[in-house]
Amino acid sequence: MCYRPANTVTIVKCLECGAFNKPTNETCQKCGADLNESRKAADEAAAPSPGAPKEISLKPQGLDGAPKAPGAPAAPKAPGAPKPPAN
Ligand SMILES: [Zn+2]
């Protein structure tokens, strides 16, 4: 794998559709989205402002987004709630 810093990249990837565009393109040649937004996003991702280190999550894996314990009671249905249409 050859990693290239963003400032050497000569193509702009569209944020909307993911198409690659020439750096001279103002808008995506595929979907017409504004490529300036894509450039900006790429710049920010590649060059975070100094003094603002990325926050690293120290949460142990498995706690966040863990599946609910089996047997957890579902939300009780309101009595007399109208049934959803069959179709
Ligand atoms: Zn696009």
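Trainee: What share of the contacts with a separation of 6 or more comes from residues 24 or more positions apart?
Mentor: Such residues account for 20% of them, where a contact means C-beta atoms, placed from the backbone, within 7 Å. Keep in mind that this is a predicted model, where local features need pLDDT of at least 70, side-chain atom pairs count only at pLDDT 80 or more, and totals for chains, interfaces and linings use all residues. Numbering starts from 1 along each chain as its sequence is written.
Trainee: And what is the average pLDDT of the chain?
Mentor: The chain averages 77, and 67% of the residues score at least 70; pLDDT is the predictor's confidence in each residue, from 0 to 100.
Trainee: In what order do the elements run?
Mentor: From the N terminus, they go β-β-α. These are DSSP runs numbered from the N terminus: helices are H or I with at least four residues, strands E with at least two.
Trainee: Which element has the lowest mean pLDDT?
Mentor: That is α1, at 85, while strand β2 (residues 20-21) has the highest, 94.
Trainee: Now A41, in helix α1 (residues 35-46). Why is A41 classed as exposed?
Mentor: Because A41 has 12 other C-beta atoms within 10 Å; exposed means 12 or fewer, buried 20 or more, and partly exposed in between, with C-beta atoms placed from the backbone.

Key:
Contact = placed C-beta atoms within 7 Å.
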